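Work through the exercises below with the sequence and the model open. Each task is followed by a solution in steps.

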Protein chains: 2
Amino acid sequence: VQVAALLFDGVTALDVVGPYEVLSRAPGFAVEFVAADPGPKRTERAASLTLVADKGLDEAEAPDLLLLPGGGGVDAAIADERVIAWIRSAHERSRYTASVCSGSLLLGAAGLLEGLTATTHWLRRDRLPDYGAEPVPDRVVRHGKIWMAAGVSAGIDMSLRLVEAECGPEVAQAIQLSIEYDPDPPFDTGSPDKAPPEIVEAVRAAAQRTRS
Amino acid sequence: VQVAALLFDGVTALDVVGPYEVLSRAPGFAVEFVAADPGPKRTERAASLTLVADKGLDEAEAPDLLLLPGGGGVDAAIADERVIAWIRSAHERSRYTASVCSGSLLLGAAGLLEGLTATTHWLRRDRLPDYGAEPVPDRVVRHGKIWMAAGVSAGIDMSLRLVEAECGPEVAQAIQLSIEYDPDPPFDTGSPDKAPPEIVEAVRAAAQRTRS
């Protein structure tokens, strides 16, 4: 299974590294990092972490699995015709076309979410109807070969399910054990339905400040 | 809080990117990536992901928080006197000295775990007594300013607790929400105590093949 993981400046690191850590451990999987302009890509936030895209999009024309992360740089990626054309074209031949977080907006911009329920980072749900999609709060959404994970850390859960679909439950269980994924979050505030309203509003307000 | 995250060839990507995604979102935190020889570092496994260390160890002499990841390359890092000397020296002035996964073996090699309980990736627990430490299966272990997380994904849980310790629970809750960390693993096999024995043995056998 040849995996092409898209990078761009302003990508959220964990969106793509969570799935990498899972998928790269599956037998027969090979993960490549690609970008419209290959080379070092600064990740979101403090921008102090650089991930390297080894290949251009033209060197990954027919991956079995497209992995589309999100992040503050996703709008610039959406505006890059090369990226959207690559997603459309690669999706025609892929076995899986998957997004994490606001990476689902890339699917939408490529016209792949028309009439579908879809998930994304909870702060970006209001963007999905622009692409004819109906936002749902689910952590993982699947329509045939299109898979979507909710925000950031949800890519780990989605990737384990992808491995299960491709390789069976024993392989996915072994990978979950090898990354010791026995989560023990300190709070139960990981979704807007569970967090106290004042925390939800604080995160929303901070995101709006960052974007303006 | 100035964070210095150590990189080396063969680092496990999620060991360091999980904490990065949490810590870089905390107000006043700045995360730098450092290495004995700065520049691109190939991560473990398929080695197809490259993370970039922007600075040398001599440019990060007094970080507030040392972050030491693990991975297949950790033994080479332990054998690098520059790395161990840096850990010892930086630890003298740090406010937090933290490891993820087999990164705790770096703490041990620096002489910081003598007489302490300690955690690491479950496959490496037998290495801890070499450093005078007593292995425990806990996901997060804390002794004063020394913090240790168990394997790979446990760094996310540890980092949220570190932010809670430094900034209070509201900030940590907001970060947990912003990375939508509401984990929903497909199986309950994330620790050797929970996984079926045949899965534990399969992962152990595969790790031994990789090392030999």
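**Exercise 1.** Classify D54(A) by its relative accessibility, then find its salt-bridge partner and classify that residue too.

Solution. 
- Step 1. The model is a predicted one. D54(A) has a relative accessibility of 36%. Buried requires under 20% and exposed over 50%, so D54(A) counts as partly exposed.
- Step 2. The side chain of D54(A) meets that of R42(B) in a salt bridge, at 3.3 Å from N to O.
- Step 3. This pair crosses between chains: D54(A) sits in the loop between β4 (50-53) and β5 (55-56) of chain A, and R42(B) sits in strand β3 of chain B.
- Step 4. With 35% relative accessibility, R42(B) is also classed as partly exposed.

**Exercise 2.** How many salt bridges does the structure hold over all chains, and which residues are linked with D75(A) in a network?

Solution. 
- Step 1. Over all chains there are 30 salt bridges.
- Step 2. D75(A) is linked with R124(A), R127(A) and D130(A) in a network of such bridges.
- Step 3. One pair of side chains in chain A is D130(A) with R127(A), which meet at 3.9 Å, N to O. The cut-off for a salt bridge is 4 Å.
- Step 4. D130(A) has 57% relative accessibility and therefore counts as exposed.

**Exercise 3.** What is the strand order of the open sheet in chain B, and which strands are at its edges?

Solution. 
- Step 1. The sheet has seven strands with mixed pairing, in the order β5-β2-β1-β6-β7-β11-β10 (chain B).
- Step 2. Its edge strands are β5 (55-56) and β10 (140-143) of chain B, each pairing on one side only.
- Step 3. Within the sheet, β7 (residues 96-100) and β11 (residues 146-149) of chain B pair in the parallel sense over four bridges. V100(B) has A149(B) as its bridge partner in β11(B).
- Step 4. Helix α1 (residues 13-23) of chain B lies across β1 (2-6), β2 (30-35), β6 (65-68) and β7 of chain B, at about 155° to β2(B).

**Exercise 4.** In which sense do β10(A) and β11 of chain A pair?

Solution. 
- Step 1. β10 (140-143) is one of the edge strands of the chain A sheet.
- Step 2. β10(A) pairs with β11 (residues 146-149) of chain A in the antiparallel sense, over four bridges. In this pairing H143(A) stands opposite I146(A).

Conventions. Residues numbered from 1 in each chain as written. Chains lettered and ligands numbered in written order. Predicted model: local features only at pLDDT ≥ 70, side-chain atom pairs only at ≥ 80, totals over all residues. Heavy atoms only, no water. Pairing = 2+ DSSP bridges. Helix = DSSP H or I, 4+ residues; strand = E, 2+ residues; numbered from the N terminus. Contact = heavy atoms within 4.5 Å. Axes fitted to C-alpha atoms, helices over the stretch in contact; angles between N-to-C directions. Buried < 20%, exposed > 50% of the residue type's maximum accessible area, 1.4 Å probe, protein only.
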